[in-house]
Amino acid sequence: MTMDQANIVIVGGGVVGCAIARALSMRWDDVFLLEALPRIGMLTSTRNSGVIHSGIYYPPSSLKAQHCVRGNQLTYEFCATNGVPYRKIGKIVVASSNGEMKDLTALMENGRTNGVEGLRIIDSRAIRAREPHVEGVSALEVPSTGILSSEEFVKTHARLATGRGAHIVTNARVERLESARNTIRVFSAVGEIETRCLVNSAGLFADEVAALLGSKMAQHRIYPVRGEYCELTRDKQDLVRGLVYPLPHADGLSLGVHLTKTLWGSVLVGPTARYVTDKNDYERDREPVEYFATLAKRLLPSVVASDFIPAYSGIRPKLVPPPDSSAAAAKATGMADFIIQPDPDFPRAIHLIGIESPGLTSAPSIAEHVTRLVGEVLA
Ligand SMILES: Cc1cc2nc3c(=O)[nH]c(=O)nc-3n(C[C@H](O)[C@H](O)[C@H](O)COP(=O)(O)OP(=O)(O)OC[C@H]3O[C@@H](n4cnc5c(N)ncnc54)[C@H](O)[C@@H]3O)c2cc1C
């Protein structure tokens, strides 16, 4: 049996893999993307808040800061050019007490250092003018934040990639990888491909794909952290006009349960943050609506538990272990950065590990970065 020959095989058809396929197909022939599931974008890439982040949260000069700020600009351009539904509506991060003012100012300074424009602190009257039902002593206004249709965003990247000749193959789980002298052999559910370059963008499973290659990079273990959402009932949707966030958790685990007015007029409340043991466990032991009501009340005092309906959930590919685990004792906690790098032992492979939020926003910028790395591999 003959093997297909490829210049590049991308493992994983989430937003990151599809954005990379699009970027690479503009420069090279014989680009393949292998996706395990029946359709692209079925996991984290469409189980998120759909927010185009600005870049205020991430440590200066981190990959997260760099890709979020550049990705924000590229995402708006991409959506406008290619008809992906989006709205640049801005957001507010609300301080609920005077004690939070210091953190709010620090967040603004961090955003400015990262190059985020238009940031300013507004008072409680200005909050009310913007969001009449939201309570806070002051807020950080972030004009460059927006929302998009994540499904259309993923699909459009994939459509443009196939339009330029990339082969996107679904139901094609990569099951085995073998490194040869100048190639990597990829064995998937639909056949075998020999490639000059492999890009591992398998999301939650990127550590396992690295392990298939026998790579040390698999030591960057992914810990699944579930984020659950509720929606406000239809009669309460008018309580929120835009995007309203609390200050982020100090532990770096999440941005905190926030209120997101979607493109369709519904209001998402979430996501929560809880470590789970199974990367496919989206539903077991979900939080009760009362939990969401308690958290949302800080921002939106008039809500009660009966205003919430359970909605979908997503799972973050975290690189930081649970705080009480033995792994945590050995590792620094806090906000881990994206890992995007060639494999030290298998230089024809490029790994993307821990692409959690702001991965949706960052995808077009990450694709530029990976294009440079692939260029070095194929030079
Ligand atoms: C609750 C939540 C809210 C979020 N909100 C936002 C937000 O508002 N804004 C933002 O910018 N980011 C947000 N994010 C982050 C963002 O969604 C992710 O960073 C992004 O979707 C990651 O995309 P990906 O392509 O790397 O991963 P995925 O979407 O997980 O794609 C990886 C793909 O690889 C496939 N795969 C895995 N193993 C194999 C294999 N062996 N062979 C073939 N295919 C394989 C999977 O089936 C999957 O389709 C959020 C994340 C979560 C969980």
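Q: Two strands pair if DSSP finds at least two bridges between them. Which residue in β7 is the bridge partner of Val 93?
A: The model is predicted, with local features needing pLDDT of at least 70, side-chain atom pairs counting only at pLDDT 80 or more, and totals for chains, interfaces and linings using all residues. Residues are numbered from 1 along each chain as its sequence is written. Strand β5 (residues 91-95) pairs with β7 in the antiparallel sense over five bridges; strands (E, at least two residues) and helices (H or I, at least four) are DSSP runs numbered from the N terminus. The partner of Val 93 in β7 is Leu 140.

Q: How is α2 oriented relative to α9: roughly parallel or roughly perpendicular?
A: Helix α2 (residues 63-82) packs against helix α9 (residues 359-378) at an angle of about 95°, with axes 7 Å apart; the axes are lines fitted to C-alpha atoms over the stretch in contact, and angles run from 0 to 180 degrees between N-to-C directions. Angles of 65 to 115 degrees count as roughly perpendicular and those under 35 as roughly parallel. Therefore α2 lies, relative to α9, roughly perpendicular.

Q: How far apart do the C-alpha centres of domain 1 and domain 2 lie?
A: The domain assignment, automatic or from a database, gives domain 1 as 4-46 + 151-221 + 337-378 and domain 2 as 89-145 + 223-318. The separation of their C-alpha centres is 31 Å.

Definitions and conventions: Parallel < 35°, antiparallel > 145°, perpendicular 65-115°, else oblique.
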